[in-house]
Amino acid sequence: RLIIVATVVLFVVCAFCSWIFFKSFFKAPAYLTVLESFLLIIGCLFYYYERFAVTLSIEIKKDPNFYAVTGIIFLFAFLTPASLFLNEIYSGVQTIYVAIYSMNCIAYSTLFLSFIFSITCRTNSIPYRSLSPLQR
């Protein structure tokens, strides 16, 4: 948990420094996207470590978190290399740009599908039921 909090604080500090010193509040600099990707991938790998190395009972089919984290790591596995070479892609051949953009759309579609699987995943837990103020 400390690693997750540290990565969030690191990203917020880097983003504010970028916005203040480089006046990039209304832009999406490639280095911030790459930093965001690496930090999210670290969080996802930490989840996998906890899920497979620490937890003894593994039922992946019934774990909605597994689907969501897998979608996130899949997206950023495609997004990170594209963000690293963003300047070269914009100044390069248009067919490469179209291919990278198509891969980006496929990766986002996979992310949204994994979120749908995560939402519709059947678990053995008791479903959440909202209580009215009188029932509390």
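In helix α3, the buried residues are F66, A68, V69, G71, I73, L75, F76, L79, T80, A82 and S83, where buried means under 20% relative accessible area, exposed means over 50% and partly exposed lies in between, with a 1.4 Å probe and protein chains only. The model is a predicted one, in which local features need pLDDT of at least 70 and side-chain atom pairs count only at pLDDT 80 or more, whereas totals for chains, interfaces and linings use all residues. Residues are numbered from 1 along each chain as its sequence is written, and side-chain values use heavy atoms, with hydrogens and water left out.

The protein chain has five helices and zero strands, and its pattern along the sequence reads α-α-α-α-α; helices (H or I, at least four residues) and strands (E, at least two) are DSSP runs, numbered from the N terminus. Of the 136 residues in the protein chain, 24% count as buried. Contact means heavy atoms within 4.5 Å, and among contacts between residues at least 6 apart in sequence, 64% join residues at least 24 apart.

Helix α3 has 21 residues and reaches 31 Å from its first C-alpha to its last, close to the 30 Å expected at 1.5 Å a residue, the expected span being 1.5 Å times one less than the number of residues. At the start of α3, a side-chain oxygen of D63 reaches to within 3.3 Å of the backbone nitrogen of N65. Further along this helix, which covers residues 64–84, lies T80, and T80 counts as buried because its relative accessible area is 7%. The side chain of T80 reaches the backbone oxygen of F76 at 2.7 Å and makes a polar contact with the side chain of S37 at 3.3 Å. A polar contact is a pair of N or O atoms within 3.5 Å; within protein, one must be able to donate a hydrogen and the other to accept it, and residues adjacent in sequence count only if both atoms are side-chain atoms. With neighbours within four places in sequence left aside, T80 is in contact with V34, S37, F38 and I41.

Residues up to four places away in sequence not counted, S37 touches F76, L79 and T80. S37 and L79 are 42 residues apart in sequence, yet their C-alpha atoms are 7.4 Å apart in space.

Helix α2 (residues 30–54) also holds Y31, which is partly exposed because its relative accessible area is 44%. Y31 belongs to a nonpolar surface patch together with I4, V8, V12, F16, I20, F21 and F22, and the patch has about 840 Å² of accessible area. The largest share of this patch, six residues, comes from helix α1 (residues 2–21).

Helix α5 (residues 94–120) has 27 residues and reaches 39 Å from its first C-alpha to its last, close to the 39 Å expected at 1.5 Å a residue. In α5, the residues A107, L111, S114 and S118 are buried, and what covers the buried residues of α5 includes α3.

Terms used: Patches are made of residues with over 30% relative accessible area and no salt bridge: like charges are joined within 9 Å, nonpolar side chains (Val, Leu, Ile, Met, Phe, Trp, Tyr) within 5 Å. Accessible areas come from the Shrake-Rupley method with a 1.4 Å probe; for residues, only the protein chains shown count as cover. A salt bridge is a side-chain nitrogen of Lys or Arg within 4 Å of a carboxyl oxygen of Asp or Glu.
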